[in-house]
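This report describes a structural model and takes its salt bridges, strand pairings and nonpolar cores in turn. The sequence and structure are shown first.

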Amino acid sequence: MSDKRDCDKKSCSAPEVSDFKNALKQFQELVEKTVTQKTKKRLGLSIEDEDEIDYDKFYKTTKTIFGLEIKDHNIKAFFTKISSNPNARTEWCEIFGCFIGESDAISSQLEEENMVFLISEKQQITHAVVKRQDVIKSIVKVPHLDFTVISSQKGVLTILNNQMRVLATTIVEDTAWITGCEFLPQLKCVVAVTERTIIVWDYKSKGSQNNCFIIKPMENALLCVCTVTMSDRLAKDNILMGDDKGYVHLLTLTSDHFGLKQCKGKKESQVQVLDSKTFNFVKRKLHDDWAVKVKYFSELNCFGSCSSDSIHSFVLDDIKRLGDNLPVKEFSVPRGVNAFTYCAKANVIVTGGNDKLLRLWNPTINSRPAGKLSGHQHRIVEIVTNEKDQHVISLSSAKIFRVWDIRTLSLLQVFHDNQGCPGEIETIAMVFDNDRGTLITGLTVINIYSLTHMIQATRQMPQTHEKRINVLVYNRVFHQILTICSESILKVWDLETGYQIYQIEDAHGLNIEVTCAAIETNGFCLATGACDGTVKIWEFESGQEVKALPLDQHSKDECRLLKIVYLKADESQHGLLVLEQSGKIKIIQGNSAQSYLYVTWMLPESVSFPRRNPVVSFSLKPDTLQTHFFPDIQLLSEPASQQVDTENFVPSLEIKCFDVLKVEGCSLIATGSANGTIILWDFESASVRCLCKMNEDSQASVLQASGVNAMLFLVPSAFFSRKISSMPSAAAAVRHSFRAIPEHRSSSFNLHKENVKSEDISIQITTEDTSKYKDIQYLKISGSPKAVAEHSPVLASAHENGCICLWSIQGNLVKELSPFSKYPSVPLTALCTDISTTMLLAGSREGHIMRWSIASFLEDPENSKNQIKEELCWRAHSTEVVDLFHEEEKNVVVTASIDGSVRLWHAMNGYYLGYFGQPRKFELSDISRLILPCDVFTFPTIIKEQSKHMEKNKKFEYPLMLDRDKWNSPIRSPSVLKEPEHVDKIQDFRFFQALTSPKIQRQPLESFQSGNREAGAVFGFLPIYELEKPVEVSVPQSLQWKKAETSSPTGWSMETGFSGE
């Protein structure tokens, strides 16, 4: 009969299995054919159009083979994988969204990377919460009232507020040692247990009256106490207590037990004794040894108690079991349980005892533990839970703390507490404050560890790529990020989750480094440039190659591309502006009729400038404007006076960066060189200018001595309504639409010409009428030329000396910024701004990120009242920042570094959100916790200074002055000068002795903050003072030049976290 049933079952499933096998065979043939075609295409071999398998054909064939149940995104992901990397390993199950070995890979990553604690400088509470030769027995956190209850062995009960300052305290005399305490939420009293009594303390007593009630005698010695939290219990509290005979007691306390006993006439402290026989105790023997701890878990509606008994080690059940004889749920652990805790988020109970192991239990299964954690070398005495991160912190008798991740069953960190006497301890009080992320411990004093969360790879650094990052580009349309490393591995990431979408290896060929990239405005096309000068255009969504600029075999120049900007991309034409390492700036184009890109335009390489007025005019060929985006240039011949001028100079051709601005009324290209030269090409005024500082004494131009590393045009929102565009670099270098080319030069607005007489100026930005792309918004500006000039663009340049220079497009240096730092100036390497140009961000060679507020400054740069304010500074990397950008919708900043990581930060406070490549999904909504990467040890600095100390303003060195009081007072002269012939020397001696610094009337300090928990152990409770700005003393003009070397900024305050080093 069994053989017949097996035969029937096989015959029923045979057609289905056969059909599925045939479908798999057909799909395997389709994949092999597609991979073969992609490999041939990469090798340059021809493929017949009829046989070519594109995405549409692959999609239809796959749907035909497997049916309509196959999801579209799985088909697209599979096709993208085999198209970008034909040699990649594929499995048939991937088409159904299943990946073999993915869970193993993620689990291995989780073992390497975990949420860890960065132990800061611990803070000790100096208040007298214990007597001499006393120890703390219990610490209880009361979340709904935000205070902490502490009890000491010799009878001191203390309540501390959220600033850890004493709210109330009492000393219970003539009683046995206290073994534990708890808070009664309904009666709002503190309950403590001793070896023979129960103490109830009414901490709300007014004045010096301190009511304490002592319930005694108790039959057994009470060892622990906890409160049963039930919402339906009004005006009464239930408490659970464990004793030295293994009993667990249940006692109900009401206001009637204590209200009638209060004697309001007395003002001194009262200790009233109540007979324990008047109370109704419910108890049950659950252990054969001491019941050392008891807790109630409201999430499970159960209580738990533990003992060193090996048979009845841990009991978990309903409190109703204390009043009946029904069996209880018992957990047996060798050598018993000393401590336990419950993580509601993971639904796991953790126990620890004398066998030095932590055991994880499912609350419903008591036969065997779900997992074990080993590592302690001494017995475990206490365990607490970090509920938010699903962490457990265990403490051994050797005062060794261990932090565990119960999701991955891995050890995260170990640290030691050195308070008290050396050697093992019986117990130590410990509680975790989930609201503030702090660990509070107590033995002889209270220690608070501000355990700052920290994403750390325990075996390696956080990495997005294995090699240094070359390119970071953001696609604002698809909300995706493109990163390219020096190994030419191109990866695309989702901004919101941090997950990788696809990757392309050897995009420009084997061992050819990809050095730059840009994404066009609408997000559909991607352009990449390589070290050999080749350029390729890709379809961003699928990763398919569209066009390429072939290698120039005859070029002798250094063809390595440093930067690329997308000018235009549509079905008919592509336009790119590229910078070569040789200093050449070219326009590369390609149309639909041609399969390759080609060079159509080049900026002149060298220009000779007069030193006193470094401006040179050139002529334009307007007929080339529509085809080349920028008109061809012909430099005008120099006059005879300039040809013999020996003060002419030719700037360096070692161009490191450039930026371009192309809107109606402005057509600018700015380049920056390694020697500090900045050249501004203005195609509206047909002039090229070398931007220089002006020497105030000689009125001559002085070149920037510090090299330029990054450039950025800052366009105020009032100048024109900008369309959100994809930027070729994190510096947001292009804020324009390059299709907005003026058709008639006569109608364009020239900001440089001085003969503008029109009072009403109208600027209109237009775009080509295509159905595929959105039009740029129209902007109309009416007013005087002065009003328009107030909102003109500003050019920002980041230099090797660590400063940022802001230039007007007329070539004048408007302002020079120096980042606020206690360290020496370091080179700035990257610039970016938000889409509305209200903030400016810069990255440095040492990995710092600075943020300035520039909105008011850009409204009128010439107005000295509109200042730039530095608001935030934080360490993002331990090495150089390559690029960065700001995303407005999520309000985050993304940074890339040569360390191979791309990291995500909150723009307002500099909090770390994660890095691209981590296995966990980003939590962009959770910005409450301060998180640091493993290689960063300093917290973000919020600069609240309202003056202008970060700008190079004038400061004064006060000279010495004669103090008349000292001059008139008798001065003892040296003995050698007491002879009459030394009268002149005595007068000189008196004169120099009477010189003193000028006395400045200082205002009293005004405290505006009582303390800051994040300020550190030393300064955490010192008030922070705000200094009022002193009255400036007039100084002679000849002394003002010394301002920068000697004076220090005043009138500022800083809010910063402590260092974790």
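In this predicted model, the side chains of Arg284 and Asp324 meet in a salt bridge, with 3.8 Å from N to O. The pair links distant parts of the chain, 40 residues apart, since Arg284 belongs to strand β15 (residues 281-285), while Asp324 lies in the loop between β18 (314-317) and β19 (330-331). Arg284 counts as buried because its relative accessibility is 16%, under the 20% limit, whereas Asp324, with a relative accessible area of 21%, is partly exposed.

Lys204 pairs with Asp202, and the closest N and O atoms are 2.9 Å apart; Asp405 pairs with Arg407 at 3.3 Å, N to O. Which of the residues Lys204 and Asp202 are buried or partly exposed? Lys204 is partly exposed at 41% relative accessibility, and Asp202 is buried at 9%. In the other pair, Asp405 is buried, with a relative accessibility of 0%, and Arg407 is partly exposed, with a relative accessible area of 41%. Elsewhere, salt bridges that share partners join Lys141, Asp146, Asp433 and Arg436 into one network. The count of salt bridges comes to 19.

| Salt bridge | N to O distance |
|---|---|
| Arg284 and Asp324 | 3.8 Å |
| Lys204 and Asp202 | 2.9 Å |
| Asp405 and Arg407 | 3.3 Å |

Another antiparallel arrangement is an open sheet of 4 strands, in the order β20-β21-β22-β23. Its edge strands are β20 (339-343) and β23 (371-374), each of which pairs on one side only. Neighbouring strands of this sheet are turned by 20 degrees against each other on average, with direction ignored.

Which residues have the most contacts inside the largest nonpolar core? In this core of 26 residues, they are Leu577, Trp601, Phe630, Ile669, Trp681, Phe683 and Val688. At least two residues of the core are supplied by each of the strands β40 (561-569), β41 (573-580), β42 (585-591), β44 (615-621), β46 (655-663), β48 (678-682) and β49 (687-691). The surroundings of Ile669 illustrate the packing: leaving aside residues up to four places away in sequence, Ile669 touches Leu577, Trp601, Phe630, Asp659, Val660, Ile679, Leu680, Trp681 and Phe683. Apart from this core lies another, of 20 residues, among them Val794, Ile804, Trp852 and Ile868.

Glu558 is placed in the loop between β39 (544-549) and β40, and it counts as partly exposed because its relative accessibility is 43%. Although Glu558 and Cys531 are 27 residues apart in sequence, their C-alpha atoms are 8.8 Å apart in space. Glu558 touches Cys531, and also Glu580, Gln581 and Ser582, when residues up to four places away in sequence are not counted.

Among contacts between residues at least 6 apart in sequence, 56% join residues at least 24 apart. The accessible surface comes to about 50,200 Å², of which 50% belongs to carbon and sulfur atoms.

Key
Residues are numbered from 1 along each chain as its sequence is written. This is a predicted model: local features need pLDDT of at least 70, side-chain atom pairs count only at pLDDT 80 or more; totals for chains, interfaces and linings use all residues. Side-chain values use heavy atoms; hydrogens and water are left out. A nonpolar core is a set of buried Ala, Val, Leu, Ile, Met, Phe, Trp, Tyr and Cys residues joined through side-chain atoms within 4.5 Å. Buried means under 20% relative accessible area, exposed over 50%, partly exposed in between (1.4 Å probe, protein chains only). Contact means heavy atoms within 4.5 Å. Two strands pair if DSSP finds at least two bridges between them. Axes are lines fitted to C-alpha atoms, for helices over the stretch in contact, and angles run from 0 to 180 degrees between N-to-C directions. Accessible areas come from the Shrake-Rupley method with a 1.4 Å probe; for residues, only the protein chains shown count as cover. A salt bridge is a side-chain nitrogen of Lys or Arg within 4 Å of a carboxyl oxygen of Asp or Glu.
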